[in-house]
Each structure stands twice: as structure tokens, then as C-alpha cells.
Number of protein chains: 2
Amino acid sequence: MDSSFVIKTGGVCAATGFHASALSCGIKDPSSPKLDLAMIWSDSPAIGAAVFTQNRVKAAPVQLSSDYLRADDPQAIIVNSGNANACTGPVGMEHARQMADATAKSLGIRRRQVMVASTGIIGLPLPIERILPRIKELVEMNGKSDCRRATEAIMTSDTVPKSAMVEVEIGGKKVSIGAMAKGAGMINPNMATMLCFITTDACISKTELQRATREAVDLSFNRITIDGDMSTNDTVVVLANGRAENRRITARGPGSRLFRDALTALMVKLAKKMVADGERVTKLVEVQVNGAASQRDAEMVARAVANSSLVKCSWNGEDPNWGRIIHAVGYSGAKIKPELVDIYFDGLCAAKHGIAHHNGISFKDLQKVVTKKKFRIGIELNQGRAEYHIYTSDLSPEYVDFNRREYAVPQG
Amino acid sequence: MDSSFVIKTGGVCAATGFHASALSCGIKDPSSPKLDLAMIWSDSPAIGAAVFTQNRVKAAPVQLSSDYLRADDPQAIIVNSGNANACTGPVGMEHARQMADATAKSLGIRRRQVMVASTGIIGLPLPIERILPRIKELVEMNGKSDCRRATEAIMTSDTVPKSAMVEVEIGGKKVSIGAMAKGAGMINPNMATMLCFITTDACISKTELQRATREAVDLSFNRITIDGDMSTNDTVVVLANGRAENRRITARGPGSRLFRDALTALMVKLAKKMVADGERVTKLVEVQVNGAASQRDAEMVARAVANSSLVKCSWNGEDPNWGRIIHAVGYSGAKIKPELVDIYFDGLCAAKHGIAHHNGISFKDLQKVVTKKKFRIGIELNQGRAEYHIYTSDLSPEYVDFNRREYAVPQG
């Protein structure tokens with residue numbers, strides 16, 4: 001990937017023809033003006049691509065949006081926080097449909113041109129009567145496009161709003177891609193729902209947009225662990241309205257690599273922001289696996305290590321515990337040979353050929369690495385050339401304490 | 001399984017012809033008399049069966065014992081605690097061999113008739129010079145057979161020694177099965193190594209003993225979760241010396257079901273003792289999955305729920321959080337239909353058809369269940385007839401704190 005992209009401050013209103021607005025309709029807290037409803041829309045029809053949660057328990061808006069996405073010309077996204085509209089049955093589906101209806105009506109478009117998203121409490125019906133009457137206002141606020149307020153309106157346990165934009169030149173035309181996201185990654189207590197909405201004025205084929213989105217998600221949001229947990233509401237939506245008037249990007253056509261790289265860079269930026277926003281987490285750890293016989297093996301090893309409670313506890317305790325790491329490598333399910341495995345802490349070799357390595361590296365040297373806020377665990381399997389990396393965190397007593405109780409019902 | 005077995009107080013010396021002894025040779029702590037070396041042996045050659053860790057990183061004694069087990073007549077087990085002899089390379093293999101050699105010599109048997117086991121610190125060489133000279137003493141202590149001391153000698157983070165025995169009548173002959181075990185199950189901080197040694201005077205075919213052992217382990221030790229972690233040293237060994245002089249038990253022959261059930265009951269008893277001994281754990285939770293399309297699906301669902309950090313945190317907080325449970329069901333990988341899933345807390349329905357159930361059951365009713373020390377989560381998938389159950393615990397801030405640091409190196 002071209003690392004020369006400059007990710008800039010900006011958001012979903014950066015690309016030509018896109019707007020956003022937000023207001024408070026009392027879902028999060030009826031007695032406070034916390035923003036909890038936002039709309040993002042394009043002046044003109046767009047094409048859309050999306051990646052939704054792989055959890056078989058899918059929130060109503062996820063089911064609805066993945067159905068609507070089959071329409072050729074999505075044009076708007078309506079999203080609320082404070083209630084996930086998940087595990088809500090047929091009533092939840094009806095509510096999601098009503099949100100799409102009201103949005104379509106207020107914009108003069110069709111219902112199926114609207115994507116719906118929700119995040120918050122699971123299992124309680126959406127207070128739909130508070131939402132529907134306010135949707136029109138979101139459009140009327142146009143002219144006061146407020147990207148930052150919209151970004152704030154989707155936050156749940158996030159402590160900072162997350163947005164960014166990137167510009168690339170494709171065929172002599174300036175193409176902008178802007179994004180907003182929420183989620184505190186693997187450190188989020190509330191099932192780690194992650195939402196990401198991306199808008200671009202690129203002219204691109206629907207197939208290519210879907211491929212680019214899939215690839216970018218695999219290299220970004222799918223590379224941060226969420227305790228092995230996967231939310232019922234995870235959604236990444238990309239809308240492209242073609243207003244940059246570049247020559248249409250198609251698979252393998254000019255600009256396609258450039259666009260994919262820019263989209264990926266943007267998503268990686270936001271994924272790292274999620275990890276960086278993790279509360280009750282003290283370490284950001286990159287687990288880099290090299291020398292695997294296959295990428296699948298590399299990924300199995302990386303995920304086993306990144307999700308091991310015992311490994312994560314040791315990082316919290318600043319204990320350079322390579323034994324716990326190699327033991328997670330051993331049970332990962334990957335085809336590994338213990339006698340070939342090397343373990344590194346920020347490049348310092350802790351174990352070589354599966355046993356302790358003492359060649360000039362002391363316990364203190366290793367300990368110094370794990371006292372840092374960010375470090376990298378290198379795992380060399382010496383069996384092939386495949387690699388995989390993933391970002392994870394430590395596991396703190398405070399995380400467990402924070403997650404002991406929710407309001408009464410879970411979040412998604 | 002016949003639940004009428006009476007599990008009695010007893011251990012590895014209960015069966016005719018078996019002996020055990022223990023001493024301190026300063027592996028755990030050179031300056032204290034903590035027991036850390038034990039021997040179990042039969043007067044006469046026995047047949048053996050075993051189940052070893054599935055972790056690809058296997059400690060030296062595990063590698064050696066699974067090789068030696070091919071001999072037809074194992075007769076002794078030598079075991080140390082305080083050092084796992086894992087990740088110790090060729091030197092570790094040599095040390096394990098030396099332990100077998102010294103044991104064989106002291107008993108006048110062949111090296112390959114000895115099973116070796118170790119548990120404790122990983123990655124440090126065994127202090128073999130302290131062990132070898134003492135092995136002879138273990139045999140000389142014969143006559144003072146001390147089952148309880150041997151059981152104590154294999155403890156690491158266990159707070160109580162774990163042993164039991166069961167008697168059955170097979171073809172008019174009294175057959176005894178005795179066992180000792182160590183491990184604090186899924187709550188053990190130190191990689192949860194579990195060791196279990198079982199002795200019986202049953203006369204049984206080697207094939208049938210291996211099948212009975214495999215079946216019993218699947219229904220006992222494989223039904224307690226260990227945070228998804230799996231030790232490098234897990235070992236279950238069963239020795240049968242035939243001294244009960246019953247008609248030889250063979251597959252499907254008379255007594256085979258009875259023997260299997262008795263062995264299973266014994267192992268289930270010890271598995272539950274491990275969970276009950278879990279420190280820093282406040283809840284023992286049985287996750288019972290019913291109505292799955294296949295046993296594989298049922299097991300995937302049970303394990304996903306039993307290993308979910310967020311679910312385990314909620315139990316610690318005494319929050320009857322069915323949403324976290326259904327969300328783990330959803331990402332388990334099993335073929336489930338969310339709209340068919342029901343969730344129960346000790347039989348009280350919290351969610352029906354994938355959504356909140358309010359039919360006379362209040363939040364307080366559910367909360368009362370999770371305040372108990374033991375409760376059962378029932379998950380009805382309504383897709384078939386397969387079932388699976390597993391025992392797990394909550395996840396406490398104290399567990400994390402306890403696991404933040406080890407000595408410097410991990411345990412196995």
C-alpha cells in the first residue's frame with residue numbers, strides 16, 4: 001500500500017454533494033440534549049457498498065440495509081445511537097422500515113435508497129415515536145451541514161468523535177473520500193459495535209466499490225480484535241456519487257489501485273483511532289506473525305495470541321511472558337512446529353527455536369519493551385512465507401470491572 | 001450414565017497392588033519442604049491408556065510418555081511439580097528420559113514402563129540434579145504408601161488436594177478405581193495444566209481401556225473451560241493391573257459399560273473439584289445447549305458462551321444479561337436461527353424466539369438467579385435434538401489482577 005497518503009481532518013461532508021446533520025431526540029437520555037440521531041445524504045443518487053456484521057444475530061437495521069443495498073442508487077443514511085434495535089423481532093423490523101420511510105419522504109427519494117443503522121441498548125424496542133417526527137428537521141438543517149455533530153451523534157462509549165478524509169487525483173480529477181466512525185474497538189465494553197460511514201465523490205462501478213470496500217475492511221477493521229466478540233450491529237457503508245467526474249473506476253482499470261489504497265488508508269486510520277480510544281486499556285499491541293505456511297495459519301496464530309486472556313493479562317502486568325505466547329501459538333489450530341518458533345518483543349528475541357533465548361538479551365531488556373504504551377510482538381514460525389498482523393490491547397482488571405454491569409440490558 | 005455410583009474418599013492406592021509416595025526435593029522452593037516429587041507404581045505390570053494435551057507445543061514429558069505408552073506393560077508414573085519441563089528443547093527430553101531411567105532402575109523395570117509428568121514453570125531447565133538422586137527414596141518409602149502426600153506433591157496453584165475412588169462389581173469381583181488430580185480448571189492462572197492419574201485393579205483389554213479413557217475425558221475434563229487456553233502439559237494416565245481378577249473387560253463385553261460409567265463418574269467428580277477450587281472465581285455456571293441441529297453446533301454454541309469475556313464479566317456483576325449470551329450464540333459459528341433461540345436462567349425464560357420475554361418473569365427474578373453461586377444457563381436452539389453442556393466460571397477483576405505477573409516465566 002502507498003503509505004504517502006495524507007489523511008486529513010475532515011469527514012463525511014468533504015466529498016462534493018454530501019451533507020450531514022444531527023440532533024437530539026432523547027433516545028440516549030430523554031432529559032438531556034445528547035445528540036443521538038444523524039443523517040448523511042447526497043444531493044444526487046449514489047451507488048453503495050457495505051460490509052455488515054457476520055454475527056448470525058443481526059439487528060433489524062442491518063437486515064433492512066443489506067436488503068435495500070440491492071437498489072442501484074442509495075442516497076442517504078439515517079442512524080441513531082442509544083438503542084441498537086437488535087433482538088427486537090418483527091416490531092424492530094417495522095421500526096427500521098419506518099425510519100427509512102420518513103427519511104425517504106423528507107428527501108423526496110425512495111425508501112430503498114436509504115440505509116438505516118442503530119447502536120446502543122439491545123433487546124428494548126426503539127422509542128420510534130421520538131425519532132420519526134424529527135427526521136424532517138435533519139433535512140431542513142441543510143445549509144448548516146454539521147459533520148462534527150453527526151459524528152458525535154453516533155458515539156456511545158467513545159470518548160472522542162472519529163472522522164478523517166483523504167484526497168487523491170484520479171485521471172486529473174480531485175477525488176475526495178470522507179469518513180466518520182464510532183466504536184472503541186476490542187476495548188469497548190458494550191459489544192463493540194462499530195459503525196463507519198464513508199462518502200466519496202468518486203465515479204466508480206458498483207462492483208469495484210464493493211471489492212474495494214471488502215478489501216479495505218479486511219485490512220483495517222478486521223485487524224483489530226474485539227475479545228473474540230462480534231456485535232449484532234457492525235456496519236460499514238460507502239456511498240459514491242460520482243460528482244468528481246473522473247473517468248469511471250473499474251476493476252483493474254486506471255485509478256482502481258489508487259482508490260483502493262486511499263480507502264484502505266482511511267479505514268486503517270479510523271481503526272487505529274478506535275483502539276487508541278480504548279478506555280481501561282493501557283497497551284496497544286501489534287501482533288505480527290511471519291513465516292507461516294499459509295495466510296490462514298498466520299491469521300489463526302495472530303488471533304489466538306491477540307485474544308488469549310492470559311497473554312493480555314501479562315501485558316497489563318508488564319510481564320514479558322513469552323511462554324504464554326508460545327502456548328497460545330500451540331493451541332491456535334495452525335500447523336506449527338514448536339521447535340521452529342521464534343518470539344520477539346519489539347525485535348528483541350525472547351525465544352528461539354521454541355526455547356528461551358539468552359544471547360545477550362536480558363529479562364530486563366524484554367521487560368523494558370512491555371512497559372511501553374505501544375509495542376510489537378513478532379512471531380516467526382519459520383515454515384513458509386505467509387504473514388498476518390493484528391492490533392490488540394491488554395486486559396485490565398478495570399476492563400472487567402467496567403463490564404460487570406450494564407444498565408440492565410446489553411448494548412450493540 | 002448410571003448416577004448411582006458412590007464416589008468415595010480414596011486415591012491412587014485404593015486399587016490392589018498400587019502404591020504411591022512423595023517427597024520434597026526443592027524444585028518448588030529450595031529452602032522449604034514443599035512436596036514436589038511423587039511416584040505411583042504397581043507391584044505387577046499393568047496396561048496403560050492416556051490422553052495428552054492437544055496443544056502443538058508439548059512439554060518433554062508429554063512427548064516421552066506418549067512414546068513410551070506404546071509399550072504393553074507400563075508400571076509406574078514419576079511426576080514433579082514446580083517446573084513443567086516445557087519449551088526446554090533437547091535438554092528437556094534428556095531430563096525426562098533420565099527421570100524414567102532412574103525410576104525404572106529403582107523399581108527393577110524397563111525405562112519404557114515409566115510414564116513421566118511435570119507441571120510448573122515453563123521455559124526453565126529442570127533442576128535434574130536435585131531430582132535424580134531422590135527417586136530411589138520414593139521406592140524405599142514403600143510400606144508407608146502415602147496417597148495424600150503424593151496428591152499434594154502435584155499441586156501448584158491448587159488450594160486443596162484432589163482425589164477420589166469408586167468401586168464396582170464386575171462378574172462377581174470387586175474392582176476399584178482410584179484417582180488423584182491437580183488443576184484449578186479454567187480459573188487456574190498458570191495455564192491451567194491439569195494432571196490426572198488413575199489406577200485400577202480391573203482386568204481389561206488395552207483397546208477397551210483406551211476407549212473408556214477417551215470417552216470419560218470427553219465427558220469430564222473436556223467439559224470445563226480454561227479460558228480457551230490449553231496447557232502444554234495436560235495429561236490423564238490410567239493404569240490397570242488386572243489384580244481384581246475379574247473376567248477381562250473387552251469392548252461391548254460384560255462389564256464394559258459399567259466400567260466406562262464408573263471411570264466417567266470418577267473423572268466428572270475430579271473435574272468439578274477443579275472448578276470448585278477455582279480461586280478468584282465467584283460463580284460456577286453450567287451452560288446447557290439443547291435443540292441443536294448437530295452435536296458440533298451445540299458444542300460451538302456452548303463454548304462460545306462459556307468463553308465470552310463479556311458474558312463472564314456480566315456473571316461476575318450479577319447482571320442477567322441475556323443479550324450478551326444471544327450475541328455469543330450468534331457469532332459461535334453454529335448454524336442457528338436467532339428467531340428460534342430461547343435463553344433460560346435456571347429454567348426462567350429471559351428471551352423467547354430471540355427477543356425479550358416478559359411473560360410473568362421480571363428482571364428481579366432473573367437477577368436473583370445470577371446472584372447465586374451456582375446456576376445454569378439454558379440455551380434452546382429449537383433446530384434439532386442435539387445437546388451439549390459445559391461448566392465455566394465468571395471472569396473477575398481479581399482473576400486479571402492475579403494473572404498480571406508470574407514469577408518471570410510462565411507455568412504449564
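**Chain A, overall**

I started with burial. Of the 412 residues in chain A, 62% are buried. I note here that the model is predicted.

Next I looked up contact range. Among contacts in chain A with a separation of 6 or more, 81% join residues 24 or more positions apart.

I then counted secondary structure. Chain A has twelve helices and 16 strands. Its radius of gyration is 22 Å, and the globule rule gives a close value, 22 Å, for 412 residues; chain A is therefore as compact as a globular protein of that length. I also took the box along the principal axes. The C-alpha atoms of chain A fill roughly 70 × 55 × 35 Å.

**A sheet in chain B**

I moved to chain B and traced a sheet. It is open, has six strands and mixed pairing, and its order is E1-E7-E8-E9-E10-E4. Which strands stand at the edges? They are E1 (7-8) and E4 (47-52) of chain B. Each has a single partner strand, so one side of each lacks a neighbour in the sheet.

E4(B) pairs with E10(B), residues 235-240, in the antiparallel sense. I found six bridges between these two strands. In this pairing, Gly48(B) sits opposite Leu239(B) of E10(B).

**Helices on the sheet**

I then examined helix H7(B), residues 256-276.

**Positive phi in chain B**

I looked up backbone angles at two residues. Arg252(B) is not a glycine, yet its phi is positive, about 65°. I placed Arg252(B) in the loop between E10 and H7 of chain B. Is Arg252(B) buried or exposed? I logged Arg252(B) as exposed, because it has 7 C-beta neighbours inside 10 Å.

Asn382(B) is not a glycine either, and its phi is positive at about 55°. I found Asn382(B) in the loop between E15 (374-380) and E16 (386-393) of chain B. Asn382(B) has 14 other C-beta atoms within 10 Å, so I logged it as partly exposed.

Technical notes:
Residues numbered from 1 in each chain as written. Chains lettered and ligands numbered in written order. Predicted model: local features only at pLDDT ≥ 70, side-chain atom pairs only at ≥ 80, totals over all residues. Pairing = 2+ DSSP bridges. Helix = DSSP H or I, 4+ residues; strand = E, 2+ residues; numbered from the N terminus. Rg over C-alpha atoms; globule rule 2.2 N^0.38 Å. Buried ≥ 20, exposed ≤ 12 C-beta atoms within 10 Å, placed from the backbone. Contact = placed C-beta atoms within 7 Å.
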